[in-house]
Amino acid sequence: MQVNSKDFIPLVNLALDNNSLQASLGMLGKGLSFKRTAAVADFPEFDQLRDEARDIKDHCLQYLDIYLMKFEEQVTNKGGHVHWASNEGEAREIVLSLCQAENARTITKSKSMVTEEIDLVPFLEDHGLDAVETDLGEYIIQLRGERPSHIIAPAVHLSKSQVADTFFDQHSNLGFNEKLTERVDLVGEARQVLREKFLGADVGISGANFLVADTGTIVLVTNEGNAELTTAIPETHIVVTGIEKIIPTLEDASTFIRLLARSAVGAEISAYTSFITGPRREEDQDGPKNFHVVLVDNGRSEMLGTELQDMLRCIRCSACLNHCPVYLSIGGHAYGSVYSGPMGAVLTPQFSRLEEAKQLPNASTFCGRCESVCPVHIPLPKLMRHWRNKEFEAGLNPLSMRWGLRAWALLNRHPLLQHMLASLGIRILGLFGNKATGYIIKLPGLAGNWTKDRDFRTPPSTTFMSQWKTMQKNRQKKEV
Amino acid sequence: MTEEKGEVALFVTCLIDNLRPDIGFSVVSLIEDAGFKVIVPELQSCCGQPNFNGGDKLNAQKTARKVIDAFIDYEYVVIASGSCGGMIKHHYIDLLVDDTLYRQKAERLTAKVYELSHFLCEVADYKPVFIDKMEVTYHDACAGLRELDIKNQPRALLAQSGVNIIEMDEPEVCCGFGGAFCVKYPEISNQMVEKKVMDANKTDAAALVTGDLGCLMNMEGKLHRLGIDLQVFHYAELLTRERLTRERLT
Ligand code: SF4
């Protein structure tokens with residue numbers, strides 16, 4: 001997975017200064033959290049379903065091998081093929097060779113985060129294939145040469161006028177010469193361009209929201225219907241997805257479907273939910289002739305049996321992004337990874353390297369809002385803390401911080417000394433204060449990061465502990 | 001004086017101890033008013049959260065054991081902070097999971113640890129007397145809200161004392177303090193706190209109230225820097241507002 005999370009700080013600064021991004025994020029945060037709250041309030045079984053969903057996923061993860069093999073058996077029985085990719089390189093090669101075997105030239109692709117994770121489209125393009133994203137958001141960012149900034153709304157960082165500019169630039173050679181301003185017209189134009197692609201595609205690539213072991217079915221949840229055209233028209237359908245998407249039965253799928261749209265966008269259900277089982281049968285009127293499922297591991301099985309296993313329950317609903325005050329301040333691109341927000345802060349170090357991505361799990365206040373909305377109860381703060389522990393164990397954080405924490409812990413074991421030093425400390429702190437206002441406006445060192453944008457109220461000259469001690473002494477004297 | 005209902009060990013917290021001793025005394029007077037004797041164990045320190053969240057698990061464990069030893073023998077332990085309270089009540093058991101002895105001790109301790117408003121409402125059944133009418137807005141500090149379910153308790157106490165709460169937009173969204181976060185990522189933190197104090201200020205309330213010192217100092221420092229005249233209080237201060245000097249309230 002291509003990651004530039006090392007540049008987190010400069011990317012954050014860019015994002016904070018980007019007014020149009022800030023406007024989009026403001027709308028995203030308010031809109032989706034409000035809608036989710038309303039959808040949950042309308043659905044009393046929600047919390048019970050969350051517990052069920054967590055339990056189903058935990059069960060599947062415990063017997064992952066068995067369910068995956070059952071899934072493979074079912075897909076094979078129905079005339080499809082399952083391919084196993086242990087890493088992203090293998091996954092790319094498998095998809096490429098499947099395309100080449102069909103002499104494919106054009107490929108349509110519906111939205112899939114796993115294909116982003118394995119950088120599939122640029123790879124196919126490098127091998128001379130014309131691969132077109134058909135999800136509107138993905139299509140827009142493909143035209144712009146960008147990466148998704150949100151796991152379900154990949155172009156959420158863009159304004160309508162930015163999209164209009166992009167279409168004007170890129171569609172004029174296709175005969176669209178008018179600069180559009182209305183949302184419906186933009187969607188209409190994209191539709192017309194994409195229609196040609198849908199009809200001419202040799203291969204359709206999709207992801208999968210769920211894999212049903214019992215029946216070998218893949219479940220696809222979308223809002224645009226593009227996935228249906230991607231998977232039904234071409235002769236070959238390739239599903240690229242992660243091994244953790246497995247669930248036991250179709251009945252279980254209904255549990256997740258009821259949670260997914262409510263958590264994601266506050267809707268009861270998404271506009272399109274497709275259940276696809278194997279290639280076209282003789283009596284079927286349409287559907288692909290060839291049906292392949294590429295199951296990608298890419299670091300997932302390593303998470304089994306560790307604290308990170310809980311993360312494999314993730315259904316990529318994006319609720320944790322939509323409710324994260326850090327994500328809503330900086331947007332997805334600042335994370336330098338296709339997985340952003342709290343879930344990205346847990347997954348990115350796993351799918352790349354901790355050295356590369358160590359900023360991400362640190363950039364959280366642990367406010368816990370993500371965990372409180374996660375439909376499968378993933379303890380996201382705890383998992384971010386897991387990476388902080390690993391970082392500390394590996395000695396990857398700055399020396400000043402390591403020694404600061406050690407010194408603090410040492411003082412915690414000697415409270416009386418700590419109280420004495422604190423008394424001294426607040427007096428020194430007091431020296432920075434402005435007598436008239438009662439505030440400190442500039443502090444040295446790391447504390448200067450506080451006073452960059454805020455003041456600090458000057459503390460009184462004695463601590464609670466020492467005042468309390470004096471009071472107790474006086475009381476005792478009186479009693480004597 | 002009526003007979004005391006029991007003994008409360010006060011976990012002062014570093015921030016109250018060093019930066020806002022006056023809030024500590026408000027807390028003491030509330031617990032006494034509720035009929036309990038307050039003890040302040042001398043051998044108390046920080047709860048270990050900086051180490052815990054900084055990835056220094058080993059030292060967090062060492063600190064947790066110290067805190068457990070200092071407080072385990074008391075009947076009740078009260079903390080006027082959701083953050084330190086959450087650390088002890090919500091995280092200690094997990095933190096000490098591999099240490100059988102201290103894990104058991106942690107289980108014993110956490111059962112009697114209470115965030116102040118929780119203690120006042122649900123253990124002490126404290127009914128504040130009416131003080132005077134006031135309009136404030138309330139920021140739900142994250143750890144108290146999500147780790148300890150502190151939401152209605154401070155509001156109920158404040159209401160009985162005459163305080164009317166005008167809810168701001170998104171009172172449950174983080175203020176951007178986050179312990180070391182605010183100095184590690186000052187730009188993000190600044191954006192968060194700015195949004196928070198703007199939302200609070202839009203209510204036209206006379207004061208902004210919360211239950212955690214970190215959030216309090218963060219919001220107060222931002223308001224002061226922006227030159228916005230909105231004072232920030234711990235709810236314990238407001239519940240003892242007859243103790244506060246006139247000038248701080250007006
Ligand atoms: S971690 Fe939870 S909330 Fe976030 S995307 Fe995954 S399932 Fe949704």
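1. Start with the pair Arg20(B) and Glu220(B). In this predicted model, their side chains form a salt bridge, with N and O 2.6 Å apart. The rule finds one salt bridge across the interface of domain 1 of chain B and domain 2 of chain B. With a cut-off of 4 Å between the nitrogen and the carboxyl oxygen, the pair at 2.6 Å therefore qualifies.

2. As for where these domains lie, the domain assignment of chain B places domain 1 at residues 7-121 and domain 2 at residues 128-249. The C-alpha centres of the two domains of chain B are 22 Å apart.

3. How many residues of domain 1 of chain B are in contact with domain 2 of chain B? The number is 27, and they meet 23 residues of domain 2 of chain B. Together the two domains of chain B bury about 2,000 Å², and carbon and sulfur atoms carry 65% of that area.

4. Between domain 1 of chain B and domain 2 of chain B, nine residue pairs are in polar contact, counting pairs with both residues at pLDDT 80 or more. By residue class, the side of domain 1 of chain B that touches domain 2 of chain B has 12 nonpolar, 11 polar and four charged residues.

5. The next interface is the one between the chains. Chain A contributes 65 residues to the contact, and chain B also contributes 65 residues. The area buried between chain A and chain B is about 5,800 Å², with 60% of it on carbon and sulfur atoms.

6. Which residue of chain B forms a salt bridge with Lys452(A)? The partner is Glu187(B), and the closest N and O atoms of this pair are 3.0 Å apart. The rule finds six salt bridges across the interface of chain A and chain B. Polar contacts between chain A and chain B number 30 residue pairs, again with both residues at pLDDT 80 or more.

7. Last, the chain A side. Helix α22 (residues 415-431) of chain A supplies the largest share of the side that touches chain B, namely seven residues. The residues on this side of chain A comprise 31 nonpolar, 21 polar and 13 charged.

Methods. Residues are numbered from 1 along each chain as its sequence is written. Chains are lettered from A and ligands numbered from 1 in the order in which they are written. This is a predicted model: local features need pLDDT of at least 70, side-chain atom pairs count only at pLDDT 80 or more; totals for chains, interfaces and linings use all residues. Side-chain values use heavy atoms; hydrogens and water are left out. Domain bounds come from an automatic or database domain assignment. Contact means heavy atoms within 4.5 Å. Buried area is the accessible area (1.4 Å probe) that two parts lose on being put together, summed over both. A polar contact is a pair of N or O atoms within 3.5 Å; within protein, one must be able to donate a hydrogen and the other to accept it, and residues adjacent in sequence count only if both atoms are side-chain atoms. Ala, Val, Leu, Ile, Met, Phe, Trp, Tyr, Cys and Pro count as nonpolar, Asp, Glu, Lys and Arg as charged, and the others, Gly among them, as polar. Helices (H or I, at least four residues) and strands (E, at least two) are DSSP runs, numbered from the N terminus.
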